[in-house]
Amino acid sequence: MSPRHALLPILGVTTALLTACAGAREPSAPAAGGGSGGLTIAVSSFQACLDVALSGGRNSTVTHQILDTLTDQDPKTGEIVPRLAEKWEVNDEFTEFTFHLRKGVTFSDGTPLDAQVVADNFTKLAELITLAKSDTLVLNALNSFQSAEAVDPSTVRLTFKLPELGFLRNASDPYLAILSQATLAKTPEQRCAGELVGTGPFVFDKIVKDKSIVLKRRDDYNWSAAGVAGHQGAAYLPSVTFEAVPESSVRVGGLTSGQFDISDDIPVTDLAQLRDAGQTIVSKVVPNLVPGMRPNPYSPLGSDDAVRRAVQKGIDRAEITGTLYPEIYQTPSSIVSSTTAGWKDFGTDLAYDPEGAKKLLDEAGWVAGADGVRAKDGVRLAPKITYIVGNFFGATQQELELVQQQLGRIGIAVEIKANTPADNAAMLKDISKADYDFLTGSGASKDIDFLAGLFKKSNAALLNAEQPELEAKADALNEAATPEARTAAAQELQHYTIEHGHWIPLREQTKVVAVSPAVSGYLLDTYAAHFLYDTKLAG
Amino acid sequence: MRRPGLWAAVVFLAVVLAWAVVPEWFAPHDPLAGVPKEKLLPPSAAHWFGTDQLGRDLFSRVVHGASLSLSATALAVAVGFVAGTALGLLSGYAGGRLDEIVMRCVDVMLSIPGLLLSLAVVTVLGFGTVNVAISVGIAAVAGFARVMRSDVLRAGTQVFVEAAGALGVGRVRILFRHVLPHAIGSVLVLAALEFGTAILAVSSLSFLGFGAAPPAPEWGSLVSEGRNHLANAWWLTTLPGAVIVATMLAANRVSRALEDR
């Protein structure tokens with residue numbers, strides 16, 4: 001046996017110990033504008049596709065900085081405010097939106113922003129939806145889109161087949177940002193790789209796949225959204241570098257050692273240490289369908305109403321939050337988070353009720369066997385729950401281990417299955433043949449509008465399964481024609497999905513970012529994404 | 001008792017083996033069910049290795065993990081031993097073209113770092129303790145084959161083997177009756193040596209997430225789960241890591257002693 005052979009495995013095991021000091025030893029190229037006021041952010045993952053309209057809409061880290069949207073949302077009041085559109089009119093049926101564009105706006109390639117390019121953006125998105133190349137969030141926002149036309153050079157009109165009461169808010173989400181005419185001609189692969197030209201305060205300078213992205217400031221930027229941004233003109237930072245650092249201990253260590261100015265996705269266990277080291281913690285509840293579990297309508301357990309209801313009642317969410325997220329985080333109170341427009345508090349329906357769960361299972365004929373696990377007609381009550389390894393957006397392994405303990409007490413033996421992102425994509429290709437009972441995930445959007453798309457059978461995770469009641473509730477939200485009807489439909493859909501366990505919330509997702517004392521003016525915007533336009537770096 | 005180091009190693013290995021066979025005799029708590037309120041407690045008299053982020057007793061998890069980790073290691077060594085020995089025996093005794101082909105394949109396998117080869121194999125096989133064991137075993141095949149072949153070549157030149165051939169004893173009978181017993185000694189020692197390496201390789205793969213499904217404790221995955229708590233709960237990585245290192249050192253010490261004899 002050669003010494004080399006013996007050494008390699010040692011390296012593997014001791015990686016853990018090395019990461020502690022790796023923070024100090026692993027600086028990739030000196031920060032972009034090192035010395036000239038450039039800011040470095042350590043993020044937990046490299047965005048697989050840089051165009052969030054195509055994929056990964058919930059994981060936008062850089063897109064916000066280089067693209068602008070038609071509308072914006074006031075972080076204090078939640079009100080929709082002008083951004084690229086300076087004003088707009090909506091018809092009484094909420095099917096026609098006329099946007100009057102701001103004058104003097106240019107893309108970073110020099111071409112002007114006009115009504116035609118905005119109309120072409122929406123036409124292109126509709127085309128991408130038909131080709132199944134768009135993110136589900138785009139699909140949800142534009143599911144009844146009919147046409148877009150330029151009325152005059154600075155006026156654009158969008159027409160929908162159904163009332164779209166949430167559209168103005170959706171228009172402030174990054175996946176509906178406006179791209180230049182040249183970008184629209186690119187292939188989806190080119191757009192994913194970062195060939196994007198927008199009107200935002202920063203532009204791409206250098207992209208090193210899976211490693212880092214450097215943005216530089218646009219000096220002629222002069223159209224920030226009033227009420228959202230704190231100043232006019234160009235951004236303060238000359239450049240921003242995003243470094244992908246998957247290991248959370250390295251993000252934390254790199255921040256305290258001064259290698260990074262901002263570190264993203266900080267584990268709750270490191271908060272005290274960072275505060276002691278003088279760093280500021282910025283956090284915000286992410287507006288979304290909260291991380292949770294979705295039943296497989298094709299599996300015997302996932303399609304069993306009693307099982308879903310018992311799982312819903314048998315999970316102690318307060319214990320999950322209290323154990324794994326002892327501060328900042330809150331226990332979920334609905335299937336959407338409290339910052340999502342249309343949210344209603346269903347906390348009492350989500351209370352821990354093990355006795356009620358047992359009763360439901362007893363009545364449905366699930367009887368405990370010799371090993372304490374319930375069974376019915378020879379089927380063991382042992383649901384397979386999948387999660388994606390290393391993914392913050394769905395349930396984590398630790399959350400599922402707690403769920404496993406909690407459900408074990410009422411006679412449900414949970415089997416946890418780890419999936420790689422590729423496994424998960426393969427699983428979702430045809431869920432009727434996939435071997436799982438519950439999958440885990442979340443969905444990001446600021447407006448409850450997207451819930452309809454998530455629970456209609458056209459969604460890949462439902463794959464045309466016939467669930468008429470659920471479909472009707474989702475349709476009601478989709479077709480609601482007045483704000484009152486929409487609020488009622490949104491509440492009804494939340495209530496129904498909770499009662500029948502079509503979504504089983506586990507935690508409320510909170511974005512937690514640590515910021516060095518040298519940084520000022522940093523915020524998380526209403527989408528819980530980095531807002532760097534007003535940020536300054538001292539020294 | 002002139003070699004206290006050796007005896008300490010033997011005793012330690014015996015204890016770890018006992019953990020694997022009858023964990024409930026040693027583990028004071030349930031390895032899977034924790035008390036969430038008692039999470040991240042440092043080592044104390046009640047919890048020798050402290051508790052993890054879900055309030056489970058880490059010592060109990062290490063004790064119960066011994067069974068999975070050691071059986072995976074044993075399986076890995078067995079796979080490498082059986083497949084490698086068979087290949088070496090065949091190659092050494094048949095000679096000629098076959099020998100050439102097998103040995104060039106072995107050269108290729110030896111040129112790839114063991115852990116890398118295991119990683120490639122386990123990626124194809126998928127998650128699970130058995131798959132991890134098989135992949136580590138496959139990476140060890142080449143070493144066994146090479147040692148076995150050279151011993152077979154050496155044994156094949158002995159006078160009694162030639163005599164058996166001259167007396168008209170069949171090739172297969174000569175191989176198993178006369179060559180194998182004289183060649184097996186050094187591969188057995190190698191197997192003992194491989195045991196230490198295999199513990200580390202199995203733990204490495206389980207550290208990387210290829211091992212058993214959660215919440216089953218495996219030594220490597222215990223270290224991995226503690227990674228995010230390095231700054232505030234050192235015991236989660238350090239103590240399971242120390243057990244892995246100690247087991248590997250003890251296994252190596254014992255196999256060196258076997259080699260000397």
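## Contact between chains A and B

In the predicted model, 34 residues of chain B are in contact with 34 residues of chain A. On the side of chain B that touches chain A, the elements giving two or more residues are α5 (114-125), α8 (171-207), α9 (219-226) and α10 (235-260) of chain B. Of that side, α8(B) provides the largest share, with seven residues.

By class, the side of chain B that touches chain A comprises 18 nonpolar, 14 polar and two charged residues.

## Domains of chain A

Chain A is assigned two domains: domain 1 covers 39-284 + 512-537, and domain 2 covers 288-508. A distance of 30 Å separates the C-alpha centres of domain 1 and domain 2 of chain A. Their contact draws 28 residues from domain 1 of chain A and 25 residues from domain 2 of chain A.

On the side of domain 1 of chain A that touches domain 2 of chain A, at least two residues each are supplied by α4 (136-141) and α5 (167-170) of chain A. The largest share of that side, five residues, belongs to α4(A). Sorted by class, the residues on that side of domain 1 of chain A are twelve nonpolar, eleven polar and five charged.

## Helices α11 and α13 of chain A

Helix α11 (residues 317-324) and helix α13 (residues 397-408) of chain A have axes that come within 10 Å and cross at roughly 135 degrees. Because of this angle, α11(A) is oblique to α13(A). The crossing of α11(A) past α13(A) is right-handed.

From α11(A), the residues Glu319(A), Ile320(A), Thr323(A) and Leu324(A) meet Gln398(A), Glu399(A) and Leu402(A) of α13(A). The contact of these two helices, α11(A) and α13(A), is made up of three nonpolar, two polar and two charged residues.

## A three-stranded sheet in chain A

Chain A also contains an open sheet of three strands in the order β14-β15-β16, with antiparallel pairing. The strands β14 (367-368) and β16 (379-380) of chain A are at the edges; each has a single partner strand, so one side of each is left without a neighbour in the sheet.

Strand β15 (residues 374-376) of chain A runs antiparallel to β14(A), and two bridges join the pair. Within this part of the sheet, Arg374(A) in β15(A) is the residue opposite Ala368(A).

Definitions and conventions:
Residues are numbered from 1 along each chain as its sequence is written. Chains are lettered from A and ligands numbered from 1 in the order in which they are written. This is a predicted model: local features need pLDDT of at least 70, side-chain atom pairs count only at pLDDT 80 or more; totals for chains, interfaces and linings use all residues. Two strands pair if DSSP finds at least two bridges between them. Helices (H or I, at least four residues) and strands (E, at least two) are DSSP runs, numbered from the N terminus. Two residues are in contact if their C-beta atoms, placed from the backbone, lie within 7 Å. Ala, Val, Leu, Ile, Met, Phe, Trp, Tyr, Cys and Pro count as nonpolar, Asp, Glu, Lys and Arg as charged, and the others, Gly among them, as polar. Domain bounds come from an automatic or database domain assignment. Axes are lines fitted to C-alpha atoms, for helices over the stretch in contact, and angles run from 0 to 180 degrees between N-to-C directions. Angles under 35 degrees count as roughly parallel, over 145 as roughly antiparallel, 65 to 115 as roughly perpendicular and the rest as oblique. A crossing is left-handed if the near helix is turned anticlockwise from the far one by less than a right angle, and right-handed if clockwise.
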